[in-house]
Amino acid sequence: MSTKTAPIQNSLIKLLLLIACLLIIPHSTHLKPLFIGLAFALLIWRSLSLVWTWLTPSKWVLLPLALGLGFIVLNNFGMSFGRDASSSLLIILMGLKLLESRNQRDAQAVIYLYFFVLITPFLFDQRIELALYGLMIFFALLFALIINNSNVESLKNPALLRICGAVLLQAIPLMLVFFLLFPRMIGPLWSMPDEQSAVSGLSDEINPGAVSNLALSNETAFRVRFNSNAPLHKDLYWRGPVFWETDGKKWFLTPPKKESFQRAIKWSEKSDDFQYTLMMEPHKQFWLYALDSPSHAPNNAHLSHDRQLMLKAKLNRNLSFELRSSTSTALLQLSKEDKVRGLKIPENTHPKVFKLVQQWTDSAKNTKDIINKALSYYHREFYYTLTPPSLGEDPIAEFLFETKRGFCGHFATSFATLMRVAGIPARLVGGYQGGVYNKLGDFYTIRQADAHVWVEVWLTKEGWVRIDPTAAIAPNRIEHSVDASQQRLNGDINFLINPPEGFNKLAQQLNWLIHSVDYYWQNAVLAYGPEKQLEFLSNFGIMNWADMLLSLAAFSAIVLLLSISILFYLQRHAPDPVQAAYLKLCKRLGKKAGKRENFETSSDYFSRIGKDYPEKNHELKALNELYLKCRYGRKPTQAYIRAATNFRL
Amino acid sequence: MALTLAQRFSLKRFTRGEPAYLREIELNHRRIFILPNKAGLSLAIVILLMLIASINYNNSLGFVFTFLLAAAAQTSTFYAYKNLSGLLISPTKSKPCFANDQLEINLYVIEPNQRARWQITASHQGQQQTFNLLANNQTILPLPIKANHRGWYKPKTITFSTSFPFGLFKAWSPLLFDHAILVYPQAIDRGLNYQLDSKDQINGGILSVASGTDDFAGLKPYQTGQSYRHINWKAFAAEKGIYSNEFSAEQSADIYLDWLSCADLDPESKISQLCYWVLSCEKKGLSYGLRLPGVELTPNNGNAHQAHCLKQLALYEY
């Protein structure tokens, strides 16, 4: 007889069906509904076949079905097999395998497949709540494994549940050792197709209305913890890509060339520099944000001459960077090439624009005067709104002379154009402004809602100077952050101005707490990659893979020994259940009839009580006899335990 | 008994078990071994795939769950060990059996540690028995095996194994017991007759069985120890007391089942023939003796006598 070919119990199939549903649910937000539907359909088929056994498909149905479904997946994704395609295939495979499963060995294979599917949602999302959800499923899978290997019919089995729980509890410390010490390498091992899923954030093109769609997003762009003093909120300009080229409608990003990296000058460390750690969310772009302006480039990035930080590879995972920024701009010579780039005016610029600038240049004494005149023009006539009227063929002119309401994108693009027309080299800088300070965790969260665009102009004596036309119109935008939770389309813009009171304060503190937990989750767990691992382990003198493997072996052995010895210890001290029941009974009787003395045997004690309670004497004697028989004889222990717990004086 | 270093590292310890010297064996760390089984190796492949996926996507949570699975598998080895350790196993009495018959090796398994045991398989020469055992409980496991030869049957290695809890590792303990089970000779009738009178044996003649074997010769008061087949039930029903029938043949001569009576046969066949006679005489309630070269058992009957005769035949060496 072989247990391998024993048929699966129906209860186990039900459990497996339930777990399969739980595994598919987190995928439902990012996989195509077609595949979610197919996966559920297969599960429903399997559950129906529990009721009507004739529905159980034969090999000759399943084989074409599997081929057909495989074809559908291929047809949808082509040969590029990334996370979407493989996740879709896996959840369908889950249903197929379950339909095909007959015996214990099949069930084992199904559970292995489930373990693999368990990690696929994390390729899309690694939030802490999803991790806890995964842990719950992991426990259920362990339970399914144990049920499959112990041939029990009912799932109501506390003993097996307890074993699963104990295994999980013992596995967690061992897992932590592996997580910390297992040598990480920088993936991918082979190139994978780019996934089409949109990541919100700045793109490499800016049109006047570009940033407004971000203002509603509460998603985190990055987090910053200052190791030095933090700058004022209005000085929190997080510098990203720099835009030089425009065609009058859009501004384009041309990636800096090698020569630009060579020209970049590293600033030496100064006492009033800002030191900070920046935790970047994967934004699938090359650029890195830094406080205006970064002094040097971290290891895995380059600094360009226009002070952009460019990563060596697209950011596909959470990564943290140690950065240094300085507010003082060093005086520079403007290169000829940059001057040409910074002054290039699109050919189709409207004559009215030239006329407007002409008024200012005629009356102005110097460049600064021109800038101030332009800013006060904005201040006088423009409104700040998240829902500006749409612009047509010539957005700059339409915005400047007709609609006059807009968002930072409108102000910055038009202002830069005006400056160029006035003969002042100007460029556009994309990035974020502000951030929400978390008192509890002492860090800033910079959200997509903080996305911002501003202008830099070249002043002969000062170099590139940051000018933010938005600040001229809506100083609140710069001094406080946009409150994305209060933001409604077509509504007024809400800023985080007033410190909340009462219930709102409590809500704020809870919010801080949640964000702090999230911060540490991101920082400690998600960003723990090859770089962070080396950095962390070097504190303990572990410098390379060989050291890691050695300490991995040592620590896992220690953890295993510890958990085993704890279990042995607990086991050794577990008293005989009969004795335990007896002691419990003595304690209970002691309250009424006097404590049992240490020198008294059970017979002595019971007969002493028997004298005080003659009506119970007979019962006590029987109980004592049962005790002796169960404890020292071969009588089943349950008999005494039951009798002892039911006995009342 | 401590093992010598050579014994400790001998490969036989893992497959055949330690040399037999005990009647009762407690499964402990010295006797329990553990290795991944096929399902465990396939899980290792799954874990490897999960690891590759995690590396490829630089996915921290992928690493977490991959390592958690590996750690849980590793931890399960301990539970597999716990599932076996502490069991007390001893062979107990088996039913007597004849050569070429099914022999049952009975193992008495005691759980003394207040732990429920799951899905333990005892196997011996390809025969398996799987059992669960409740805490503080005991059971008797019969392991059938075909007995080929008469004499003492010594069980080979009996292996206790388990894949509990997750079916990833097989923990096993090979046991050799200092235990032997008596196998009686096969009873084969060669068509010969046993002789009635012991004194005639010298002539070597084979006398026919007296026709009066079953002749009724009268009643005698029943004495304890006599076969119940001989009780005169009619007299008992008439409430005359318990009497037993006396048969003339029984009185006239004691039967000696004699090695020399089957002179033409080869020795094994002789033993088989004698065995057959012992059984048939006992069945008929006759009093019979056994005479082998060097062995003589005086005529008697009853189960104990039969067992004694069969044991002599089983162990007889010519």
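**Chain A**

I began with A:Ala426 and looked for the residue across from it: A:Val457, in strand β17 of chain A. Keep in mind that this is a predicted model.

Next I checked how the two strands run. β14(A) and β17(A), the latter covering residues 451-459, pair in the antiparallel sense over seven bridges.

Then I looked for β14(A) pairing with β3(A), residues 237-243. These two also run antiparallel, and five bridges join them. For a landmark I picked A:Arg239, whose bridge partner in β14(A) is A:Gly431.

Is β14(A) mostly covered or mostly open? I went through residues 426-433 and found the strand mostly covered, with eight of its eight residues buried. My cut-off for buried was 20 or more other C-beta atoms within 10 Å of the residue's own.

**Chain B**

Over in chain B I looked up a three-strand sheet. It is open, its order is β4-β12-β9, and its pairing is mixed. β4 (97-98) and β9 (151-153) of chain B stand at the edges; each has a single partner strand, so one side of each is left without a neighbour in the sheet.

β4(B) runs parallel to β12(B), residues 181-184, and two bridges join them. Opposite B:Phe98 I found B:Tyr184 of β12(B).

What lies across β9 and β12 of chain B? I traced helix α8 of chain B, residues 303-315, across both strands, and noted that the helix runs at about 90° to β12(B).

Technical notes:
Residues are numbered from 1 along each chain as its sequence is written. Chains are lettered from A and ligands numbered from 1 in the order in which they are written. This is a predicted model: local features need pLDDT of at least 70, side-chain atom pairs count only at pLDDT 80 or more; totals for chains, interfaces and linings use all residues. A residue is buried if 20 or more other C-beta atoms lie within 10 Å of its own, exposed if 12 or fewer, and partly exposed in between; C-beta atoms are placed from the backbone. Helices (H or I, at least four residues) and strands (E, at least two) are DSSP runs, numbered from the N terminus. Two strands pair if DSSP finds at least two bridges between them. Two residues are in contact if their C-beta atoms, placed from the backbone, lie within 7 Å. Axes are lines fitted to C-alpha atoms, for helices over the stretch in contact, and angles run from 0 to 180 degrees between N-to-C directions.
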